[in-house]
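Please keep the sequence and the coordinates at hand while reading.

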Amino acid sequence: MYKDLMTINKLGIMEIEGISVKELEKQYQTPLFVYNQNILENKMKLFKDNFTSRFFKTEVLYASKAFCCQAIYNLAEKMGLGVDVVTGGEIHTALSAGFNPENMYFHGNNKSTEELVIAINRKIGCIVVDNDCEIKLISEILKDTNVRQKIMIRVNPGIEAHTHEYIKTARLESKFGYSTYNPDKIIELINSIESNPYLDFKGFHCHIGSQIQDPQAFYNTAKEMINFLKILKNKYNRKTDWLNIGGGFGVTINEEDEAMDYKLLLKTLVKVIEDALIANKMSLEKVIIEPGRSIVSEAAITLYRIGGIKETHAGKNYLFVDGGMTDNLRPALYQAKYEADIATKMNLPKNDKRTIAGKLCESGDILIRDYQIQKAEIGDLLAIYSTGAYCYSMASNYNRTLRPAVVFVKNGKHKLVIKRESYEDLIKNELKGVL
């Protein structure tokens, strides 16, 4: 599952792009996120090259929330991707990286006035509105400008995706978007947009969830959305230019996950959309997708140092590492299951059953439960795989823990892209004293 990420040298030590994990640990310390840049580039190219059509334009957006930093925006732009952003912070980071604002799509269900002012003033390409409140707020801001802002509406197609309850986004009770089962309400929104000369309605966005392993869910979403556009055309005489069908393409995190054939998925998805358009005598100017996790997840490991080994009276045997839920919240939040190796003993059998726990003052600070791994010693390095998505982006300073460093590696070279936090960083925004 991880053969493209790393190799093993004669001493049984993991190497990434020809660089020993011991060398990386020596220079950058642990915990450390290590991204293989070749894998990132290959995944971006795969999505861009295989999501193409003769009948409509296509656009691939990198979903920022999976992993956000200036370097990943630099790479996305280099590889010809746009980006979706959800907060002022993501907008600021992308703009600071020099990313072209015209290729940015601003999402979110509760955008603040400040965020919308930034997006409009900095000429963000498209704002995806979630509700009528946002349309009114954007209209108020535009009154004092000469900007004509492109707008899409987020809708909810009601497709049930088989994934964790917390990352389903298209149920009818979801906080995101308006249901396609209520086209009258959506027409009302379109009318309010088109009545404003400063708003340019382009189409619809939907997203059914994350970490979806069944390709049929995406095909069903595409067909459902085309049916919805047909209703708008036939009943209300409304033509749609753009359709964004979101992301959520599943990745391989552990042996229970089936590897997705992204190339087949993308080509089939395009064919499903083309066939549906032809069958309904319809057309689209552009179709958009938003992969995030599927680009970055498998490209990275988190490297830890083992600081403690314990056998409990109840028979639970632990390895303690120098990170935990502050750099990977997903096991506690989603019950996510990961796989790991003792990165400095890759040539040994995995015959020691251990629970890998973090250093935080929480009983739930467990990274992997009851896992067969190589017999470890204090000071060994442990690598947890597929941590490129929603790990650093959810990192926190709980227990005043420092956020880790992040490095990119490629062809025998490594580059620091996010510095490790210092203790001074923790208190730089604090003021002494009380009332």
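The model is predicted. In it, the buried residues of helix 8 pack against strand 9 (149-156), helix 7 (183-194), strand 11 (199-205), strand 12 (242-244) and helix 9 (262-279). The residues of helix 8 that are buried are A217, F218, Y219, T221, A222, M225, I226, F228, L229, L232 and Y236.

The geometry of helix 8 can be checked against its length. Helix 8 covers residues 215-236, 22 residues in number, and at 1.5 Å a residue these should span 32 Å. At the start of the helix, a side-chain oxygen of D214 comes to within 3.0 Å of the backbone nitrogen of Q216. At the other end, helix 8 is followed by N237.

N237 lies in the loop between helix 8 and strand 12. Its phi is near 60 degrees, which is positive although the residue is not glycine. Most residues other than glycine have a negative phi. Is N237 buried or exposed? The relative accessibility of N237 is 69%, and the cut-off for exposed is over 50%, so N237 counts as exposed.

N411 gives a second case of positive phi in a residue other than glycine, with a value near 50 degrees. N411 sits in the loop between strand 20 (405-410) and strand 21 (413-418). With a relative accessible area of 56%, N411 is exposed. A positive phi is also found just after helix 3, where G80 takes a value of about 85 degrees. Helix 3 itself runs over residues 70-78, and its buried residues are A71, I72, Y73, L75 and A76.

The backbone has a further feature at P31, where the peptide bond from T30 is cis, with omega near -5 degrees. Most peptide bonds are trans. P31 is placed in the loop between helix 1 (21-28) and strand 4 (32-36).

The next topic is the nonpolar interior. In soluble globular proteins, nonpolar side chains tend to be buried together. Here the largest nonpolar core has 132 residues, of which M14, Y35, Y62, F67, F204, V296 and L382 touch the most other members. Helix 8 gives the most to this core, with 10 residues. A second, separate core has 7 residues, among them Y105, V128, M152 and I288.

V296 shows what surrounds one of these core members. Apart from neighbours within four places in sequence, V296 is in contact with Y35, L40, Y62, A66, F67, I72, G388 and A389. Of these contacts, Y35, Y62 and F67 are themselves listed with V296 among the core residues that touch the most other members. I72 is one of the buried residues of helix 3.

Two loop residues can be set side by side. T145 is found in the loop between helix 6 (132-142) and strand 9. Its relative accessible area is 16%, and buried means under 20%, so T145 is buried. The side chain of T145 reaches the backbone nitrogen of V147 at 3.3 Å. N182, in the loop between strand 10 (178-179) and helix 7, has a relative accessibility of 40% and counts as partly exposed. The C-alpha atoms of N182 and V60 are separated by 28 Å, and the two residues lie 122 apart along the chain.

Strand 2 (residues 14-16) is joined to strand 3 by 2 bridges, and the two run antiparallel. Within this pair, I16 stands opposite I19.

Cysteines remain to be considered. How many disulfides are there? The count comes to 0. C68 is in no disulfide, and the nearest cysteine sulfur, that of C69, is 6.9 Å away. For C391, the closest cysteine sulfur is also that of C69, at 14 Å; a disulfide needs sulfur atoms within 2.5 Å, so this is too far for a bond. C391 is buried, with a relative accessible area of 0%.

Definitions and conventions: Residues numbered from 1 in each chain as written. Predicted model: local features only at pLDDT ≥ 70, side-chain atom pairs only at ≥ 80, totals over all residues. Heavy atoms only, no water. Buried < 20%, exposed > 50% of the residue type's maximum accessible area, 1.4 Å probe, protein only. Pairing = 2+ DSSP bridges. Helix = DSSP H or I, 4+ residues; strand = E, 2+ residues; numbered from the N terminus. Expected span 1.5 Å × (residues − 1). Contact = heavy atoms within 4.5 Å. Polar contact = N/O pair within 3.5 Å; in protein donor to acceptor, adjacent residues only side chain to side chain. Core = buried A, V, L, I, M, F, W, Y, C linked by side-chain atoms within 4.5 Å.
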